[in-house]
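Hello,

Here is the structure I promised to pass on to you.

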Amino acid sequence: MVSATIITAVPKFVSPEEHRNIVGSTPTSFNDIPPVLRHQEVNVSISLDPPLDEFTTEDGTNGVLYVIESALVFMSSTGRGFQVEYPAITLHAISRAEGSGPSIYCQLDELAGGPPADEAAEDASNMRELNITPKNPASLESIFEAMSLCASLHPDPNMSEEDDADDAFVSADQFETFAGEEGEELSEVGRAALAHLESIIYDPFAQPNGVNDHLKADEEDPSGREETATSTKSQGNL
């Protein structure tokens, strides 16, 4: 299964204000309300490693990023784009790695939506890297916040309620570098991934709110939490 789906049109969405108006009018069915757009960013370039079939380097050169509550969408100026559902985004973070421009770094699970994989099968071949680089670096935190909000609406279906309560939210200072103890060691893939992530760690924060902004006074944080938190599955700062 592939984490990203090729599209030729942006999925239908509504702004937070339009959503409030629709809900306030008591629609016949709430299921028919389009998902909310939480952030839109123009002049964005992306890269995928390994590349996505039918999506060329030229397609990733320039386009518009849509952080919609249902999916993360990139539509290229060439007319071809892709969308990624949030359960497939196992990590998203702000990267300020030396030698490359500031970006949103994501790891995509190619097995998302399928049955839980055996630990032996979980290797680099099941993971795709996505880098999102906006022309305006100042927009990175807003993109990150919007993605964090949307990710919180799509909890891991393979995580139990007990695991979710214990592990879903931890403060940034709770992360520790794996040093290894007797009988424990990271695989070669794990060591390489850890070294890469530690080299680009960074940490912003605020609560997302409308399109390209924070939650407005009459909107509630879907996570039900007021404190800033980092998800061990999908949120972080690199």
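Below are some notes on the salt bridges and on one helix.

First, the ground rules. This is a predicted model, in which local features need pLDDT of at least 70 and side-chain atom pairs count only at pLDDT 80 or more, while totals for chains, interfaces and linings use all residues. Residues are numbered from 1 along each chain as its sequence is written, and side-chain values use heavy atoms, with hydrogens and water left out.

Salt bridges

Searching the whole structure turns up three salt bridges, the term meaning a side-chain nitrogen of Lys or Arg within 4 Å of a carboxyl oxygen of Asp or Glu. Strands (E, at least two residues) and helices (H or I, at least four) are DSSP runs, numbered from the N terminus.

Buried here means under 20% relative accessible area, exposed over 50%, and partly exposed in between (1.4 Å probe, protein chains only). Glutamate 69 counts as buried because its relative accessibility is 18%, and arginine 38 is buried too, at 6%.

Another salt bridge brings together the side chains of aspartate 59 and arginine 80 (3.0 Å, N to O). Aspartate 59 is in the loop between E2 and E3 and arginine 80 in the loop between E4 and strand E5 (81-84), so the pair ties together parts 21 residues apart in sequence.

Arginine 128 belongs to strand E8 (127-134), and glutamate 110 to the loop between strand E7 (103-109) and E8, 18 residues apart. Glutamate 110 is buried at 9% relative accessibility, and arginine 128 is buried at 8%.

Helix H2

Helix H2 (residues 140-152) has 13 residues and reaches 18 Å from its first C-alpha to its last, close to the expected 18 Å, which is 1.5 Å times one less than its number of residues. H2 is mostly covered, with ten of its 13 residues buried; among them are Leu140, Ile143, Phe144, Glu145 and Met147.

Best wishes
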